[in-house]
Amino acid sequence: MVKIERNFVTVLSIDGGGIRGIIPAVILAYLESQFQELDGEDARLADYFDVISGTSTGGLVTAMLTAPDENGRPLYAAKDIKPFYLNNGPKIFPQKGGWFGKIWPSIRSVFGPKYDGKYLRSLLKEQLKEIRLKDTLTNIVIPTFDIKNLQPVIFSTYQAKRCPKMNAYLSDVCIGTSAAPTYLPAHYFKIEDPKHGTDEPPREYNLIDGGVAANNPVQWLCLTLVAINQVTKQILDNNPDFSPMKPIDSPSFRVISIGTGAAKNEHKYDSKQAAKWGILSWLFHKSSTPLIEVFMQSSADMVDLHNSVVFQTLDSSENRYLRIQEDELSGILSSADAATKENLEKLVEIGEKLLKKSVSRVNLETGVSEPIPHSGTNEDALKRFAKLLSDEKRFRESKSPIMNYP
């Protein structure tokens, strides 16, 4: 194996969010088009990132971008992901008409998952076939949660190469990470170690959505940190694929994190209301769940604070860290399974408008995203990152006597 010289480690992180995966699909198509302008039409995202990480729908996108086709190139170009969602979303999350059709999924979810998941499972098995985790064209990190052992299971290419019992079929990993409680059924599979045969029991997995371990809205921070944590472990293990030229500190990473949109914070609660609540009101208040929202938002603030330490100072990290997220979704747009034609078209439009918005960063005091002065639009930032990563790719190629990228 050739040791690759590099200036920094590159990470792409993609949120979960069900059908809202269309939003990052639009962003990623634009980013890949910038690489193609610089390096030719065959350029793909997997050529430029050392690690691509995603959970739930982000895990599906990660797999599509990194699974090899029969020619050893990515199974999907980034521009193909949007049509994938437009064509298959309504079949994964079938929408029934009429008043009964609208309330039936909610009634069904009381007794079991809203959707049986059969179409998604057959689609992923058909598309990903016999591709295993270790076969991906760049390193990937996909979080899941084992409901039997009550612990996160982080699937990564690096672990799959070291441990045969972690080398799952990519389709199983995707089905597991997308098995959102109340939406899709949990996924079971097992892996036997081919070296030991029947002498050693297989490892069993009982998986649900990775968002339980890296939850939205906090998942965009957790997911980035999970990916960085995996890379750091590989560096400490002296993996030649990850040997930065600089010490392991925040400038050694270049990170792009793409969100699937978040519901607008509407300041729905105050202390006068909460002072009167009992258990039932904390769990169910009108159409929301205050207790869960409070825990999720407070976790987001704590992880955001930690993230600011990882990247040192937020105001100087725009060339090292880019977060693209729409946090003003309202109504049905914030749903994870509203796969109507009208909603899908609106989500595409949101992604396109997001490219034109100013680069923003969360203000830790107010929790509100604020534009970063003199940073331009998200399109501008993606162009800068594309040039930066293209130059890094050329640098690595010039330093590597035998190409083994990334």
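Trainee: Which helices each supply at least two residues of the lining of the largest cavity?

Mentor: Start with the general idea. Rolling a probe the size of a water molecule over the atoms shows where empty space is left. Now this structure, which is a predicted model. Here α2 (57-66) and α5 (118-128) each supply at least two residues of that lining.

Trainee: Which residues line the largest cavity?

Mentor: Leu60, Ala63, Met64, Tyr76, Phe84, Leu124, Gln127, Leu128 and Cys174 line it. By class, the lining divides into 8 nonpolar residues, 1 polar and no charged. The volume of the largest cavity is about 60 Å³.

Trainee: How many cavities of 30 Å³ or more are there?

Mentor: The count comes to 2. The second largest cavity has a volume of about 50 Å³.

Trainee: What lines the second largest cavity?

Mentor: Its lining is made of Gly117, Leu120, Arg121, Ile175, Ser178, Ala179, Leu184 and Pro185. These residues divide into 5 nonpolar, 2 polar and 1 charged.

Trainee: Let's turn to helix packing. How are two packed helices described?

Mentor: By the angle between their axes and the distance between the axes. Take helix α3 (residues 81-92) and α5. Their axes come within 8 Å and cross at roughly 140°.

Trainee: Which residues make the contact of α3 and α5?

Mentor: On α3, look for Phe84, Asn88, Lys91 and Ile92. On α5, look for Tyr119, Leu120 and Leu123. By class, this contact has 5 nonpolar, 1 polar and 1 charged residues. Phe84 also lines the largest cavity, and Leu120 lines the second largest cavity.

Trainee: Now α1 and α13. Where do their axes run?

Mentor: The axes of helix α1 (residues 22-39) and helix α13 (residues 378-399) come within 9 Å. They cross at roughly 45°. The two helices are therefore oblique to each other.

Trainee: Is the crossing of α1 and α13 left-handed or right-handed?

Mentor: Right-handed.

Trainee: Which residues meet there?

Mentor: α1 brings Ile27, Tyr30, Leu31, Gln34, Phe35, Leu38 and Asp39. α13 brings Glu379, Leu382, Lys383, Ala386, Lys387, Leu389, Ser390 and Arg394.

Trainee: How does the contact of α1 with α13 divide by class?

Mentor: There are 8 nonpolar, 2 polar and 5 charged residues. Among the charged ones are Asp39 in α1 and Arg394 in α13.

Terms used:
Residues are numbered from 1 along each chain as its sequence is written. This is a predicted model: local features need pLDDT of at least 70, side-chain atom pairs count only at pLDDT 80 or more; totals for chains, interfaces and linings use all residues. Side-chain values use heavy atoms; hydrogens and water are left out. Axes are lines fitted to C-alpha atoms, for helices over the stretch in contact, and angles run from 0 to 180 degrees between N-to-C directions. Helices (H or I, at least four residues) and strands (E, at least two) are DSSP runs, numbered from the N terminus. Angles under 35 degrees count as roughly parallel, over 145 as roughly antiparallel, 65 to 115 as roughly perpendicular and the rest as oblique. A crossing is left-handed if the near helix is turned anticlockwise from the far one by less than a right angle, and right-handed if clockwise. Contact means heavy atoms within 4.5 Å. On a 1 Å grid over the protein atoms alone, a cavity is a set of points where a 1.4 Å probe fits but cannot get out, and a pocket is an open set with protein on both sides within 12 Å along at least five of seven lines; lining residues have an atom within 4 Å of a point. Grid points are joined across faces, edges and corners, and a volume is the space filled by probe spheres set on the points.
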